[in-house]
Amino acid sequence: MSTLKFKTNINCTGCLSKVTPVLNGENEIKNWEVDLEDKNKVLSVETSEKSAEEVAAIVQKAGFKAESI
């Protein structure tokens, strides 16, 4: 299991409510969280099978940007 980190534009609870069903719908994503206190709104994703590019594409599908850090 690895933890991938992304700089995002997910910056409020409303944004979280939009991205939650998308990330929760991915079986390969075991756990995830967004640090809304961090200026970069860091998304941490625990996954054993998804690449950083795949996770970024999933977040973009929900309407947000995710840049691997």
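## Burial and overall form

The model is predicted: local features need pLDDT of at least 70, side-chain atom pairs count only at pLDDT 80 or more, and totals for chains, interfaces and linings use all residues. Residues are numbered from 1 along each chain as its sequence is written, and side-chain values use heavy atoms, with hydrogens and water left out.

The protein chain holds two helices and four strands. Helices (H or I, at least four residues) and strands (E, at least two) are DSSP runs numbered from the N terminus. Read from the N terminus on, the order of the elements is β-α-β-β-α-β. The radius of gyration of the protein chain is 11 Å, close to the 11 Å that the globule rule gives for 69 residues, so the chain is as compact as a globular protein of that length. This radius is taken over C-alpha atoms, and the globule rule is 2.2 Å times the number of residues to the power 0.38. The C-alpha trace spans about 25 × 20 × 15 Å along its principal axes.

## Contacts, surface and charge

Contact means heavy atoms within 4.5 Å. Among contacts in the protein chain between residues at least 6 apart in sequence, 63% join residues at least 24 apart.

The accessible surface of the protein chain comes to about 4200 Å², and 44% of this surface belongs to carbon and sulfur atoms. Accessible areas come from the Shrake-Rupley method with a 1.4 Å probe; for residues, only the protein chains shown count as cover. The chain has 9 positive and 11 negative charges, and their mean positions are 6 Å apart. Lys and Arg count as positive and Asp and Glu as negative, while His and the chain ends are not counted. Each charge is placed at NZ of Lys, CZ of Arg, CG of Asp or CD of Glu.

## The nonpolar core

A nonpolar core is a set of buried Ala, Val, Leu, Ile, Met, Phe, Trp, Tyr and Cys residues joined through side-chain atoms within 4.5 Å. The largest one has 19 residues, of which Phe6, Leu23, Trp32, Leu43 and Val59 touch the most other members. At least two residues of this core come from each of β1 (2–8), α1 (13–24), β2 (29–35), β3 (42–47) and α2 (52–61). The most is given by α2, with five residues.

Leu43 touches Leu4, Lys5, Phe6, Thr8, Leu23, Trp32, Glu33, Val34 and Val59, not counting residues up to four places away in sequence.

Ala56 has its place in helix α2 and is buried, with a relative accessible area of 12%. Residues up to four places away in sequence aside, Ala56 touches Phe6 and Ala66. The C-alpha atoms of Ala56 and Lys18, 38 residues apart along the chain, are separated by 15 Å.

## The loop between β2 and β3

Glu37 lies in the loop between β2 and β3 and is exposed, with a relative accessible area of 76%. Its C-alpha atom is separated by 17 Å from that of Ser17, 20 residues apart along the chain.

Lys39 is found in the loop between β2 and β3 and is exposed as well, at a relative accessible area of 73%. Between the C-alpha atoms of Lys39 and Lys7, 32 residues apart along the chain, the separation is 9.0 Å. Lys41, in the loop between β2 and β3, is buried, with a relative accessible area of 19%. Phi of Lys41 is near 50 degrees, a positive value in a residue other than glycine.

## Glutamates in two other loops

Glu26 lies in the loop between α1 and β2. This residue is buried, with a relative accessible area of 16%. Not counting residues up to four places away in sequence, Glu26 touches Lys50, Ile58 and Lys61.

Glu49 sits in the loop between β3 and α2 and counts as exposed, at 58% relative accessibility. Leaving aside neighbours within four places in sequence, Glu49 is in contact with Glu28 and Glu54. The C-alpha atoms of Glu49 and Met1, 48 residues apart along the chain, are separated by 8.1 Å.

Key:
Buried < 20%, exposed > 50% of the residue type's maximum accessible area, 1.4 Å probe, protein only.
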